[in-house]
Amino acid sequence: MKVAILDDYHDTVRTLECFRKLSGHDTTIWNDHVQHVDALAGRLRETEALVLIRERTEIRAPLLQRLSKLRLISQRSVYPHIDIEACTQLGIVVSSSQHPGTPSYATAELTWALVLAAMRGIPQQVAALKAGKWQVGVGNTLRGKTLGIYGYGRIGSVVAGYGRAFGMSVLVWAREGSRERARSDGYTVASGKAAFFSECDVISLHMRLLDATRGIVTADDLARMKPTALLVNTSRAPLIAPGALLAALKAGRPGMAAVDVYEDEPVLDPAHRLLAMDNVVCTPHLGYVTRDEYEVQFSDIFDQIVAYAAGAPINVVNPKVLESAGLRR
């Protein structure tokens, strides 16, 4: 098959052990980011299997309608960036492993790195030292403070364990089933959403972006946070109501934020409003970007291509397309 891989910024994929799984396929890798439909249609006109790296590129109907040879989109995790209905209508299989039971330890680790960096002001201290200054502020310790986990799933539960290891009290708010899991794991569940936001010193968001969770963190929620508190988001930017975080930080509640995700990515404007704020630590969506995580993710992605080529697709999110394509379920 003719395989195309988009948005491999650092040309990493071909260096992975699991890349061997594509041996025998004609594979093209693109290292830049392009979103314009005409440019993508030109690049992908011969492509039969398209590999996406998470949500870096949107794949919508105007593009799909121009890719007459495309038969498979293979990726991992959620797929709000793909027009699934258009794929089904056009006979394109979408395979996406949801990695049940396997948390992204890379994302959990980055979350904790952001907590430490923001609470101790590490980026600001490093920048000051490079500018010839010595100790430009006083940081905060974590031990004895309250860590709030909003969304107790695979990653949230791991971050909760990090908080416990650092001597923090852990408070959880989530859907009812997740709250019960948190209780069974020995964590305290908040009495309500309002109490959760008002009591925590650090709040970390760990939810999938769905219709039900879009804007789930409101301006009122943020206004309840302590002026010394930190909000961390390594999940998805639209979990927070549009404009609410920026306004809250300007108002001083919470006093700090650490973010790895943005409304529009990639962020290439150095004048971006969050980047300009001294009380915000920003990273460029690094949560899953480690070599170890890539091996795990692309092993699944390439397995999906191999399975499709063998006539038995796996992890299919639009199974209706299989009948029209004459493939086995």
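I will start with strand β4, residues 72-76. Five of its five residues are buried, so the strand is largely enclosed by the rest of the structure. Please keep in mind that this is a predicted model.

Both faces of β4 are covered. On one side we have Leu72, Ser74 and Arg76, and on the other Ile73 and Gln75, all of them buried. Buried here means under 20% relative accessible area.

Now the neighbours of β4. Strand β3, residues 49-51, pairs with β4 in the parallel sense, over three bridges. Within that pairing, alanine 49 has leucine 72 of β4 as its bridge partner. Strand β5, residues 93-97, also pairs with β4 in the parallel sense, here over five bridges. Leucine 72 turns up again, with valine 93 as its bridge partner in β5. If you want to follow the chain between these two strands, look at helix α3, residues 84-89: β4, α3 and β5 make a right-handed β-α-β unit.

Next, the cavity search. How many cavities of 30 Å³ or more does a search of the whole structure find? It finds one. The volume of the largest cavity is about 30 Å³. Helix α11, residues 291-309, supplies the largest share of the lining, with four residues.

On to the open sheet. It has seven strands, in the order β8-β7-β6-β9-β10-β11-β12, and the pairing is parallel. At the edges stand β8 and β12, the latter being residues 280-282; each has a single partner strand, so one side of each is left without a neighbour in the sheet. At the β8 end, two bridges join β7 to β8, and these strands run parallel. Valine 172 stands opposite valine 189 of β8.

Which residues of α7 are buried? They are Ser178, Arg179 and Ala182. Seen down the axis of α7, the buried residues fall within an arc of 105°, so they line one face of the helix. The buried residues of α7 pack against β7, residues 169-173, and β8, residues 188-189. Glu176 and Ser184, on the other side of the helix, are exposed. After α7 comes glycine 186, with a positive phi near 90°.

Last, a single residue in the sheet. Valine 202 lies in strand β9, residues 202-205. Is valine 202 buried or exposed? Its relative accessible area is 0%, which means that it is buried. Leaving out residues up to four places away in sequence, valine 202 touches Val115, Met119, Leu142, Thr146, Leu147, Gly148, Met168, Leu230 and Val232. Take glycine 148 from that list: it is 54 residues from valine 202 along the chain, yet their C-alpha atoms are separated by 5.8 Å.

To recap: β4 is buried along its five residues, α7 packs its buried residues against β7 and β8, and valine 202 is buried in the model.

Note on methods:
Residues numbered from 1 in each chain as written. Predicted model: local features only at pLDDT ≥ 70, side-chain atom pairs only at ≥ 80, totals over all residues. Heavy atoms only, no water. Buried < 20%, exposed > 50% of the residue type's maximum accessible area, 1.4 Å probe, protein only. Arc of directions from axis to C-beta. Contact = heavy atoms within 4.5 Å. Pairing = 2+ DSSP bridges. Right-handed = clockwise from strand over helix to strand, strands pointing away. 1 Å grid on protein atoms, 1.4 Å probe; cavity = no way out; pocket = protein on both sides within 12 Å on 5 of 7 lines; lining within 4 Å. Points joined across faces, edges and corners; volume = space filled by probe spheres on them.
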